[in-house]
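The exercises below are meant to be worked through with the model open in a viewer. Try each task before reading its solution.

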Amino acid sequence: MDLADKLMNVIVITISLLALFFLHQYRFLNSLISTARTLFKENLTGKVVLITGASSGIGEHLAYEYARRGARLALVARRKRRLQEVADVCEIIGSPESVYILGDVSNIDDCKRFIDATVNHFGQLDHLVANAGVAPVCLFEDYDDITKASPAIDINFWGSVYSSYFAQQHLKKSKGKIIVISSCAGWVFAPRTAFYNASKAALISFYETLRIEFGTRIGITIVKPGFIDTEMTEGKFLSKEGRLEVDREMRDVQVSLMPVESVEKCAKAIVESARRGDRCLTVPSWMETTILWKVFCPEIMDGWNRFMILGPGSSYRDSPSKKILHVVNEIKQLLLP
Ligand SMILES: NC(=O)c1ccc[n+]([C@@H]2O[C@H](COP(=O)([O-])OP(=O)(O)OC[C@H]3O[C@@H](n4cnc5c(N)ncnc54)[C@H](OP(=O)(O)O)[C@@H]3O)[C@@H](O)[C@H]2O)c1
Ligand SMILES: *[C@@H]1O[C@H](CO)[C@@H](O)[C@H](O)[C@H]1NC(C)=O
Ligand SMILES: *[C@@H]1O[C@H](CO)[C@@H](O)[C@H](O)[C@H]1NC(C)=O
C-alpha cells in the first residue's frame, strides 16, 4: 500500500508537471472553441424558457433579456402582483407570450406543477433558469432556533434540484439547457453567510456532476454573480427568525464598499452566456481573478474578513466595513454637491 502510494505520487506529479507544458496550447484551443461558440449562439426566437424567482432582481431582468430575444416565458415566484407586471412588460418588449405561475420552489409539489403547467401550455421546454434564492445573514452562534436557517437550503439548493428533476425529460427532448444561479460573493464578506455559502457551493458541486451525467443531452451553465444591484443587496435578508426582512444597517456591514454591478448588465451577460452554452460564467468577470487571493494567501483573506465584518467591537454596528462606508459617504457628500 505504502509502495503504491509512493509510486502514484511520483507518477501523478510527473504527469501533472508535464501537462503544464501544454497548458498554453490547451488554453489557446479553448479560446478558439469559445470564439466559434460565439459565432453559433443559440437563436432564442420562440424558445420556451422557465425562470424561477422572476418577480424581482436578476430573475426579473433575465425575463426581460429573454423577452427581447423573442422567447416565450413561464415566470415563477410567490408574489403575484410583481409577476403579473413582469409578464406584461415581457410581452411589450418582444416576447410572443409570457405567462406567470405562482409557486414556492422549496415545495416539491409546486415544482412539479409549474413544470407540467409550462409544458402543457407551450408544448415544450428549452431553458430552465434556476434562480430563486434567499440570503440568510446571521452568525451561527446567534441562532436561537437553528431550524430557521433551513429555508436557505430548501429554496436555494432543493428548489433548483426539484425543478431540474421534473424538467429533465422535457429538456432532453429539446436538447435544452439548465442555467443555475450560484454565487461567488461568499469568500469576500463571509461571516454571517455560512448557510448561504453552503447552499451555493452545493449547487456548484451538484450541477458540475450533473453536467458529466447528462453529457451533451442537456447543457449546464453555472453562473456565479458577485454583488448585483437587487433587493438582496438592498438588504433583503432571511432573518434569524426565518423571515425575509430588509435590514439596511446589516446591508452596510455585509456589502460595504464593494462595487455593486447593475442588474441589467448582469442579466444580459447571463443570457448571452447561456446562448453560447458556456460551462461557467462569473459576473462581473474580475471577481474570478480575485479567487487567486483565496488560493495563495487564505490566511490573509480570512483575517481580513474577520476584521472587516466582525471587527473588534461587540455590536455589528461598530464593524470596520460599516464605518469605512460611512466615512467614504461623508467625503462623497463633501466633494459632490
Ligand atoms: N444580488 C446579488 O448580489 C447576488 C449575488 C450572487 C448570487 N445571487 C443570486 O441570484 C438569485 C436572485 O437573487 P436577486 O439578487 O435577484 O434577489 P431578489 O431580488 O431578492 O430575488 C429573489 C427572487 O427569488 C424569489 N424567491 C425567493 N424565495 C422563493 C421561493 N421559495 N419560491 C419561489 N421564488 C422564490 C423571489 O420572489 P418571491 O419573493 O416573489 O417568491 C425573487 O423573485 C438568488 O439565487 C441569489 O442568491 C445574487
Ligand atoms: C431565429 O429563428 C427565427 C424563427 O425560428 C427566424 O425567423 C429568425 O430569422 C432567426 N434569427 C436568426 C438571427 O437566425
Ligand atoms: C464560500 O466561502 C468560502 C470561504 O470564504 C469560499 O472559499 C468559497 O468560494 C465560498 N463559496 C461560494 C459558492 O460562495
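## Exercise 1: the ligand site

An oxygen atom of ligand 1 sits 3.0 Å from a polar backbone atom of G53, a polar contact being a pair of N or O atoms within 3.5 Å, where within protein one must be able to donate a hydrogen and the other to accept it, and residues adjacent in sequence count only if both atoms are side-chain atoms. The model is a predicted one, in which local features need pLDDT of at least 70 and side-chain atom pairs count only at pLDDT 80 or more, while totals for chains, interfaces and linings use all residues. Residues are numbered from 1 along each chain as its sequence is written, chains are lettered from A and ligands numbered from 1 in the order in which they are written, and side-chain values use heavy atoms, with hydrogens and water left out.

**Task.** Find the polar side-chain atom of R78 that approaches ligand 1, and then describe what surrounds the ligand.

**Solution.** Begin with R78, which places a polar side-chain atom 2.7 Å from an oxygen atom of ligand 1. Next take G226, where a backbone N or O atom lies 3.3 Å from an oxygen atom of the ligand. Ligand 1 taken alone exposes 890 Å², of which the protein buries 98%, the areas coming from the Shrake-Rupley method with a 1.4 Å probe, and for residues only the protein chains shown counting as cover. Finally, list the surroundings: 31 residues are near the ligand, the closest being I58, R78, N131, Y196 and T230, where near requires a heavy atom within 4 Å.

## Exercise 2: strand β1 and its partners

**Task.** Determine which strands pair with β1, and whether the residues of β1 are buried or exposed.

**Solution.** Start from the definition of the elements: helices (H or I, at least four residues) and strands (E, at least two) are DSSP runs, numbered from the N terminus. Strand β1 (residues 48-52) pairs with β2 (residues 72-77) in the parallel sense over five bridges, pairing requiring that DSSP finds at least two bridges between the strands. In this pairing T52 stands opposite V76. A parallel pairing over three bridges joins β1 to β4 (residues 127-130), and there the bridge partner of I51 is V129.

For the burial, note that V48, L50 and T52 on one face and V49 and I51 on the other are all buried, meaning under 20% relative accessible area, with exposed over 50% and partly exposed in between (1.4 Å probe, protein chains only). Because five of the five residues of β1 are buried, the strand is largely enclosed by the rest of the structure.

## Exercise 3: backbone geometry in the loops

**Solution.** Most residues other than glycine have a negative phi, and most peptide bonds are trans. K175, in the loop between α6 and β5, has a positive phi near 50 degrees and counts as exposed at 60% relative accessibility. R192, in the loop between β5 and α7, also has a positive phi, about 80 degrees, but R192 is buried, with a relative accessible area of 10%.
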